[in-house]
Amino acid sequence: MKPAEPRFFVTGTDTGVGKTQVSCALLSLMRDAGLSPQGFKPYESGCASLKAPSDALAMREAAGSTLPVEAVCPHRFRAPLAPGIAAQRLGREPDWRVTLEAWKRLKDGAVVVELSLI
């Protein structure tokens with residue numbers, strides 16, 4: 001039986017506390033160890049460009065991934081606030097089905113998931 005691939009969850013309660021740096025470091029280490037990891041940041045706020053979310057793209061690059069940005073980060077917001085608050089201010093709630101479908105693409109491999117707790 002093949003051992004399970006590692007999965008890490010990086011969380012924090014604020015923006016700018018280093019979650020993305022830790023996530024990228026883990027992805028790079030996993031890649032250096034011969035794995036083919038994927039980063040997953042289901043919600044990113046503070047995006048200067050919704051088509052190019054900087055944290056998700058940094059995670060994708062650290063992993064050496066070719067997944068489309070929609071798979072790495074399905075929900076993106078411009079406001080530099082906690083993603084839930086950013087969505088609420090837009091009068092919407094991120095569709096959980098979209099998040100789940102993106103997660104299912106990663107179900108069998110090494111993954112680093114980055115989430116804000118608020």
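## A term to start with

A residue is called buried when its relative accessible area is under 20%, exposed when that area is over 50%, and partly exposed in between. Ser 23 has a relative accessibility of 0%, so Ser 23 counts as buried. Please keep in mind that this is a predicted model.

## The overall picture

The protein chain holds five helices and five strands.

How does the radius of gyration fit with a compact globule? For 118 residues, such a globule would come out near 13 Å, and the protein chain has 14 Å, which agrees. Along the principal axes, the C-alpha atoms fill a box of roughly 45 × 30 × 25 Å. Of contacts between residues at least 6 apart in sequence, 73% join residues at least 24 apart.

## Surface and charge

Buried residues account for 37% of the 118 residues. The chain exposes about 7000 Å², and carbon and sulfur atoms supply 55% of that area. There are 15 positive and 12 negative charges, and their mean positions are 4 Å apart.

In soluble globular proteins, nonpolar side chains tend to be buried together. Here, the largest nonpolar core has ten residues: Phe 40, Ala 56, Leu 67, Ala 71, Val 72, Cys 73, Ala 102, Leu 106, Val 111 and Val 113. At least two residues of this core come from helix 3 (69–72), and at least two from strand 5 (111–116). Another core lies apart from it and has nine residues, including Leu 27, Met 30, Met 59 and Ala 62.

Val 72 belongs to the largest core. Which residues is Val 72 in contact with, leaving aside its neighbours within four places in sequence? They are Gly 39, Phe 40, Lys 41, Pro 42, Ala 56, Arg 60 and Leu 67.

Ser 23 sits in helix 1 (residues 19–32). Leaving aside neighbours within four places in sequence, Ser 23 is in contact with Val 10, Met 59, Val 112 and Glu 114. The C-alpha atoms of Ser 23 and Arg 92, 69 residues apart along the chain, are separated by 28 Å.

Arg 76 belongs to strand 4. Is Arg 76 buried or exposed? Its relative accessible area is 18%, so Arg 76 is buried. Not counting residues up to four places away in sequence, Arg 76 touches Glu 44, Cys 47, Leu 50, Pro 53, Val 69, Glu 70 and Arg 92. Although Arg 76 and Glu 44 are 32 residues apart along the chain, their C-alpha atoms are separated by 4.9 Å.

## Toward the surface

Ala 79 can be found in the loop between strand 4 (75–76) and helix 4 (83–89). With 27% relative accessibility, Ala 79 counts as partly exposed. Beyond its neighbours within four places in sequence, Ala 79 is in contact with Ser 45, Gly 46 and Ala 86. Between the C-alpha atoms of Ala 79 and Lys 51, 28 residues apart along the chain, the separation is 14 Å.

Arg 97 has its place in helix 5 (residues 96–104). Why does Arg 97 count as exposed? The reason is its relative accessibility of 63%, as exposed means over 50%.

Definitions and conventions. Residues numbered from 1 in each chain as written. Predicted model: local features only at pLDDT ≥ 70, side-chain atom pairs only at ≥ 80, totals over all residues. Heavy atoms only, no water. Helix = DSSP H or I, 4+ residues; strand = E, 2+ residues; numbered from the N terminus. Rg over C-alpha atoms; globule rule 2.2 N^0.38 Å. Buried < 20%, exposed > 50% of the residue type's maximum accessible area, 1.4 Å probe, protein only. Contact = heavy atoms within 4.5 Å. Areas by Shrake-Rupley, 256 points an atom, 1.4 Å probe, with all protein chains shown as cover. Lys, Arg positive; Asp, Glu negative; His and termini not counted. Charge placed at Lys NZ, Arg CZ, Asp CG, Glu CD. Core = buried A, V, L, I, M, F, W, Y, C linked by side-chain atoms within 4.5 Å.
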